[in-house]
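Have the structure open beside you as you read.

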Amino acid sequence: MSGGGMTGGEAPAADLAALRELLLGRPAMARELPGFVPEAAPAGPGELFVSWLLDALRVESPDAQVVTLSTVGLDGAPDARIVVLRDVDPELGVWWFAGDARSPKGRQLAAEPRAALTWYWPALGRQVRVRGEVTPGDAAAAGEVFRLLSPKSRAAALVGRQSERLGTAQEFWAAWGAAERELAAEPGLVAQGYTQYGVRAREVEFWQGAADRRHLRLVYRRGSRDDGWRRELLWP
Ligand SMILES: Cc1cc2nc3c(=O)[nH]c(=O)nc-3n(C[C@H](O)[C@H](O)[C@H](O)COP(=O)(O)O)c2cc1C
């Protein structure tokens with residue numbers, strides 16, 4: 001392993017050469033992957049998602065639920081970051097995550113309430129893409145969920161100011177200490193801005209990779225009159 005990249009210098013030539021060799025010589029998904037029979041897939045995407053996420057949690061890592069959330073930036077350009085999937089409602093086709101309404105993503109979602117969620121589970125060679133409209137959940141319910149979070153997660157949320165410029169790490173430690181004292185004094189405290197967001201899917205795509213590159217893609221789209229889901233295969 002090389003130095004760690006905090007010095008601001010360029011990667012040593014040997015590292016870069018080794019990396020380039022790896023990038024060219026290491027095809028993705030070159031291993032045995034599960035089969036997928038799209039014709040046998042359930043009528044709606046929620047059930048299939050639940051089974052794929054359970055598979056991923058069993059064989060991948062305990063973080064298989066983390067997902068890339070893409071939003072539309074206030075400048076109209078795409079933006080993306082990782083969040084944790086908090087819940088899924090297979091009946092309604094809604095995927096839930098939580099964040100601070102005052103953060104960039106929160107402000108972006110207030111201005112343009114549409115988003116995409118993208119998972120990739122390497123051990124299974126599977127990708128899932130969800131696109132849809134985003135609605136903030138009920139504030140009282142969010143408060144109840146917040147109180148169930150670990151003390152450290154609650155302290156982190158109470159610190160707030162997410163994505164603002166931080167002068168020094170010491171300022172952060174001080175704010176963290178203050179948040180812990182606040183929580184100790186008032187254990188039921190809910191961080192201002194803590195919000196659960198539901199992505200109501202319009203479209204959900206399941207992508208099963210194959211080592212021989214004969215990947216399979218199945219997309220579910222909501223009918224225009226909300227009368228169930230249409231399913232179709234896509235060319236890979
Ligand atoms: C594994 C992992 C899980 C994360 N989970 C969340 C989350 O559930 N909610 C959240 O707001 N940020 C989460 N973050 C932090 C975000 O990726 C991001 O840094 C932060 O929300 C600020 O994003 P924004 O500036 O686009 O609002 C997580 C980051 C990682 C790496």
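Helices here are DSSP runs of H or I with at least four residues, strands are runs of E with at least two, and both are numbered from the N terminus. With that in hand, the elements of the protein chain can be read from the N terminus on as α-α-β-β-β-α-β-β-α-α-α-β-β-β. Please keep in mind that this is a predicted model.

**The chain as a whole**

- The protein chain has six helices and eight strands as its secondary structure.
- The C-alpha trace of the protein chain spans about 55 × 55 × 35 Å along its principal axes.

**Around the ligand**

- Which residues surround the ligand? They are Val 66, Arg 81, Ile 82, Val 83, Val 84, Ala 98, Gly 99, Ser 103, Pro 104, Lys 105, Gln 162 and Ser 163.
- At least two residues of this shell come from each of strand 2 (78–89), strand 3 (94–100) and helix 3 (104–111).
- Strand 2 supplies the largest share of the shell around the ligand, at four residues.
- Sorted by class, the shell around the ligand holds six nonpolar, four polar and two charged residues.

**Polar contacts and burial of the ligand**

- The side chain of Arg 81 has an N or O atom 2.7 Å from an oxygen atom of the ligand.
- For Ser 163, a polar side-chain atom is 2.5 Å from an oxygen atom of the ligand.
- Gln 162 also places a polar side-chain atom 3.3 Å from an oxygen atom of the ligand.
- On its own the ligand exposes 620 Å², and the protein buries 65% of that area.

**The largest pocket**

- Where does the ligand sit? The space that the ligand takes up is the largest pocket.
- The volume of the largest pocket is about 700 Å³.
- The largest pocket is lined by 30 residues, and the closest to its centre are Asp 100, Ala 156, Ala 157, Gly 160 and Gln 162.
- Strand 2, strand 3, helix 5 (151–159) and helix 6 (169–185) are the elements that give two or more residues to this lining.
- Strand 2 contributes the most to the lining of the largest pocket, with five residues.
- By class, the lining of the largest pocket is made up of 14 nonpolar, seven polar and nine charged residues.

**The second largest pocket**

- The second largest pocket holds about 280 Å³ of space.
- Its lining has 14 residues, and Val 72, Arg 114, Ala 115, Ala 116 and Arg 131 are the closest to the centre of the second largest pocket.
- Which elements give two or more residues to the lining of the second largest pocket? They are strand 1 (66–72), strand 4 (114–121), strand 5 (126–136) and strand 6 (194–208).
- The residues lining the second largest pocket divide into five nonpolar, four polar and five charged.

Definitions and conventions:
Residues numbered from 1 in each chain as written. Predicted model: local features only at pLDDT ≥ 70, side-chain atom pairs only at ≥ 80, totals over all residues. Heavy atoms only, no water. Near = heavy atom within 4 Å. Polar contact = N/O pair within 3.5 Å; in protein donor to acceptor, adjacent residues only side chain to side chain. Areas by Shrake-Rupley, 256 points an atom, 1.4 Å probe, with all protein chains shown as cover. 1 Å grid on protein atoms, 1.4 Å probe; cavity = no way out; pocket = protein on both sides within 12 Å on 5 of 7 lines; lining within 4 Å. Sits in = over half its atoms within 2 Å of the grid points. Nonpolar A, V, L, I, M, F, W, Y, C, P; charged D, E, K, R; others polar. Points joined across faces, edges and corners; volume = space filled by probe spheres on them.
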